[in-house]
Amino acid sequence: MKMQYLSALDASFLHMETPEMPMHVGGMNLFELPRGFDGDFYEVVKRHVQQRLHLAPIFTRKLALMPFELANPVWIEDDALDLDYHVRKIVLPKPGSLAQLQAYVGRLHSSLLDRSRPLWEFYIFEGLENGQAAFYSKIHHAALDGQGAAALAQVLLDISPVPRDVPPPLLKRKQAYQPSVSELLSAAAQDAWRQSVQIAKTLPQGVKAAGALLKHAWEARGQEHAKTGVGFAPRTPLNVSVTNQRLFATASLPFNEVRAIAKAFEVSVNDVVLATCSGALRAWLARHAALPSRSLLTAMPVSLRQEGNTDLNNQVSMMRMHLASNIADPVKRLQRIHAHAKTLKKTLGSVKSVLPTNLPSIGLPWLMTGLTSFYARSRLADRMSPLANLVISNVPGPQMDLYLAGAKMLSNFPVSIVAHGMGLNITVQSYAGKLDIGMIACRRAMPDLADFAEMMTEAHAELLAAAKAVVASDVGEKPASEGKARRRAAAKAVKPAGAEKAAKPVKPAKSAKAKQTEAVADASAPAKPKRTPRARKALQTPQDGHTEEPGRTAD
């Protein structure tokens, strides 16, 4: 590799980065060591990574900046990679709890990567009280997006405890390559011309798509379920200028329960994920007496990748999504999210093919760096209404067990980015029968992130109880009176977190039960969809899975 261009989207993560707003992503994984293992897991992993460095260019490429930063930088080969710098070992102090591990990951995620080196770091944690090992990865977002991270995982991980054989690397050139000033300037000019030509070719299609989008927005005016998020989001304690201090927390949900909720209400798994997040946000804001009357808006990454594309770069855009957080009933909230998601999907389908991920980059570093610096220094995020309240991302992952250097991976918690004006990021990754949820927040915006993680599991339990009540009613397993009593009992058992604090004055228990019963009845009244045997089985015989110790596997 002589040099490789960064797209405008890739480079934007470099230009927007500040000490308070690092632009790297990563993950925290828990591993079960092989039975009888008595070696040094750090050394084993480092040797494993070294043997696979040549399989992914992200490991050995670094940035070469343009003269005076006139245009986006390029990737070049780093011929002097220091593996001891990039792969490090940390031993947790006793007792080695999951809370200590999460706190350490939050601190590591707060610091910037060294731009003079390849933009990645791995950390192996030992000393956990349960005898497991942990692995934390930290990779700059300029190098890959969520789907790119999944492709990178295929390089490092195996599907069996015995690592697969990999082909040896090709012979490296003897002399290090450093592009000259003239080569860099020539590359910038050629890239600018190429992107200008590409924009000119796609302009007619883009104008047509924009016209269709405006027409759709005009036809959908006045329909609340069809609004596409035009306008600002309500202000909340999350929407402030962030510091460089991060908190990290995790939660795990059994995937079969999430899928069963989706089948019960005939919505998508992603709708259930958003509804779970919305319920937890509603409970957290109510606890802090800050629940707005308007719905929260989330920024949601949308993949622009063609099927089968595994390039390690960014091919993603952002869409805004209503969370229906102003609706108290969890079932009606889920249905409203589903309706809006259908509208958003149609909108995205009409513009997805023409959304740009690249632009001519002459002058772009100056422009984006200047705007980012002005926005941060002026603290506009503390005064302006936000475009979105937070970021929620749902990345599909493998459902089989994976292994790193012979150790079985038990969990796959993503660690993402918070930005000025959006002090919380929730990223969900499916893995081996679970939805692993990684939550990263600015310490000042959300100091009680661990409590919010518990609210996520409570919001899931609330939806699951409602789904079981609907299915029991549909299949007629119980007499009407007994079914009604069962739904009331389920509603009482999963009353939303913070409900007593949010209500002024506190409503009697009987009224709360009656309200939950009415909500479930309303949700099932319009239509009684047929339930597949798999859906009935999943809901009638649920597994104990949502645990308050997020690092453990579901039973």
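A charge is said to sit over a ring if NZ of Lys or CZ of Arg is within 6 Å of the ring centre and within 35 degrees of the ring normal. The model is predicted, so local features need pLDDT of at least 70 and side-chain atom pairs count only at pLDDT 80 or more, while totals for chains, interfaces and linings use all residues. Residues are numbered from 1 along each chain as its sequence is written, and side-chain values use heavy atoms, with hydrogens and water left out.

**Exercise 1.** Find which ring lies under the charged end of R88.

*Solution.* The ring is that of Y85, whose centre is 4.4 Å from the charged end of R88. A further case is R61, whose charged end sits over the ring of W75 at 4.6 Å from its centre.

**Exercise 2.** Classify the pair formed by the rings of F59 and F122, and state whether each residue is buried or exposed.

*Solution.* Start from the cut-offs: rings of Phe, Tyr and Trp (its six-membered ring) pair if their centres lie within 6.5 Å, and planes under 30 degrees apart count as stacked, over 60 as edge-to-face and the rest as tilted. The whole structure holds 7 aromatic pairs. For F59 and F122 the centres are 6.1 Å apart and the planes stand at 85°, so this pair is edge-to-face. Next, take burial, where buried means under 20% relative accessible area, exposed over 50% and partly exposed in between (1.4 Å probe, protein chains only). F59 has 1% relative accessibility and is therefore buried, and F122, with a relative accessible area of 1%, is buried. Finally, F59, W120, F122 and F135 form one aromatic cluster.
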